[in-house]
Amino acid sequence: MRPVAATGEFNSLAVAVFACVLAMTLVITRWAAKRTRSDTEFYAAGRGVAGAANGVATAGDYLSASTFLGYAGLMYLYGFDGWIIGLAACLSFLPVLYLLAERMRNAGKFTVADVLAFRLRARPVRVATAINTLLISGIYLVAQLVGAGAVIEALAGITFPVAVLICGVFMVIYVVFGGMLATTWVQIVKAVMLMIAGIVVAVAVLAKFNFSPGQLLDSAASNHEDGRSILGPGTYLTSPLLIISTGLTIFIGTAGLPHILMRFFTVPDSKAARTSVLYTIGIIASFTALVTIIGFGARAVLGGGATEAVGPGGNLAAPLLAQALGGGDGTTGGAIALALFSAAAFATILAVVAGLVIASAGAIAHDLWRNVLRRGSEEGERKVARIAAIGVGVAAIIGTIGIGSGFNVTVLVSMAFVFAASANFPPLILALFWRRFNTTGALTGIAFGITASVIMIALSPPVWPGPDSQGSPSPLTFPGLITIPIGFLGCWLGTVLSKPETTDTTYDELLVRSETGIGSEGGPQPRRSRRFERTEAPVEVR
Amino acid sequence: MAEPGWEALARNPRFRELVASRRRFVFPMTAFYTLYLVAYLALLGYAKDLMATEVLSLSLALWGGLSICVLTVVLAFAYARRANEWERMAQQVVEESAR
């Protein structure tokens, strides 16, 4: 069989299918726009998203093009090792469930910073957390757009800048007009399309090998120059410390991604937040298991000849597999399978970048504009959020086209996850669980986490001494093994070396609220009494 | 009866029991699944040959990975089961605070 195609030639069928996806998302946005009139509707879909729906949307938010196409691609190229990142990410939804989801819903309003500002000195903490969110979401956004542009260019034959422009413009349209409600439903539609595409391809692969995983793996191994060693570890992540550090960074980092955590503000109560994560875990665990069939299936079906065609990160392995299963290059079945599979990939890209834009817009409008600069009214804040979404979108489009399709996105993805794991997760967890924790601790922790991350990434293989070079001072592409402890250390040092704040009462309030939901929006309200009034920072607009 | 404030609620014995009960489950389990992941990653790194051993046509590395998928689902449902109990305890605290 001649595996290939998807060479970047104009593909009218794929373009037509993409147009259908875009039309569908616009219908969703139009519907959502009519229901987006208040702040709560804009940032949190009016807290009216059912638990199950939010769970599917959260899975859709997480399963980006780099995860969906990337894991399968890495497994095609290197075998088993490509799976490790996916496994760590799957498990990371347990700390989200155990430690964060319900508490975030009970204690927060629209952004991660809300939870920290609850008990710490609001303004400095909001500034630091908002910068964190912008760094993580902004960098991840550019990483996603670079990958998206390259994939769309290959699949539909639209040039890279045009592909990026289309994604960028549409993500901004969803957020500006439809807010979180449109983002949520685009994510739900995408998650469903992705699951169907994944299941169909996996079943088709298994059918080809008589539903025998052994036969599939034998065939994959015999098609790879490394033979059976691709079925075990060590072909891609070559040193033990690299494996452990990469796994830990993804495990903690995924649990600290602001655009994922923000999803838990969209449900009516903490019970629905819990239900959400159960659905998310169900989908992501199945998907993680499924991706091995797609990854090894690509190797078994496409053979070694497609190594060039799948691209440097292997992103095109899964679409090419779909094409081959449909009948191969040049057949009608192959073309249809490729176009449908590409549609799922396209929807995936759009949904994830929209989630990142709304998280960034929240940080700018809700945290910085409204609560730090103390400008404007609720009306004004929504306007600023929309302008911020446009600004973030334009900056991301320009940045993405500027660095170009050849840029190694690993370093960007690594930065986003390392920041989330080392600078966002530690202060959030400590604010929820450590009574003595204070503002200085949070600020020191964030500063330590970001500084350590920047230094360690600068010293790692993708950056120093040159792109993808040998002989870097640090072998850790994902340096969480070092930077996460430094983030926690910063939080601890800053706290114990500074005077205790009078945060005891606000910690009590946060504890009671986060554990019981008393006082949360939609939850049981405390009885009106002066003693229930906030004890500190009454000017804080929440 | 005087209205309880947040501090009083935080000292309420039922509330303390809720927090303690939840933490008794959540903290040890979090330590467990984190160590499970680290142990798995360490085995992949330091015991490469062992993890490449094939049992029932899958390598131990693959079996270990599948066990992580299964563990995630099992522990998610274990939490959900316990959470119903905590939900009831929280409800009692809410009712007491409203009295």
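This tour goes from the model scores to the cavities and then to a helix pair in chain B.

**Start with the whole model.** The structure on screen is a predicted model, and its scores are ipTM 0.93 and pTM 0.90.

Four cavities of 30 Å³ or more are present in the structure. The largest cavity holds about 70 Å³ of space.

**Select the lining of the largest cavity.** Pick A:Phe110, A:Thr111, A:Val112, A:Ala113, A:Thr133, A:Pro258, A:Met262, A:Ala359, A:Ala363 and A:Asp367. By class, this lining has seven nonpolar residues, two polar and one charged.

**Show α7 (112-119) and α15 (332-372) of chain A.** Each of these two helices gives at least two residues to the lining of the largest cavity. The largest share, three residues, is that of α15(A).

**Move to chain B and colour by pLDDT.** The chain has a mean pLDDT of 89, with 95% of its residues at 70 or more.

The axes of α2(B) and α4(B) lie 10 Å apart, and the helices pack at an angle of about 170 degrees. Angles over 145 degrees count as roughly antiparallel, so α2(B) is roughly antiparallel to α4(B). Colour the contact of α2(B) with α4(B) by residue class: 21 residues are nonpolar, five polar and six charged.

Technical notes
Residues numbered from 1 in each chain as written. Chains lettered and ligands numbered in written order. Predicted model: local features only at pLDDT ≥ 70, side-chain atom pairs only at ≥ 80, totals over all residues. Heavy atoms only, no water. 1 Å grid on protein atoms, 1.4 Å probe; cavity = no way out; pocket = protein on both sides within 12 Å on 5 of 7 lines; lining within 4 Å. Points joined across faces, edges and corners; volume = space filled by probe spheres on them. Helix = DSSP H or I, 4+ residues; strand = E, 2+ residues; numbered from the N terminus. Nonpolar A, V, L, I, M, F, W, Y, C, P; charged D, E, K, R; others polar. pLDDT = per-residue confidence, 0-100. Axes fitted to C-alpha atoms, helices over the stretch in contact; angles between N-to-C directions. Parallel < 35°, antiparallel > 145°, perpendicular 65-115°, else oblique.
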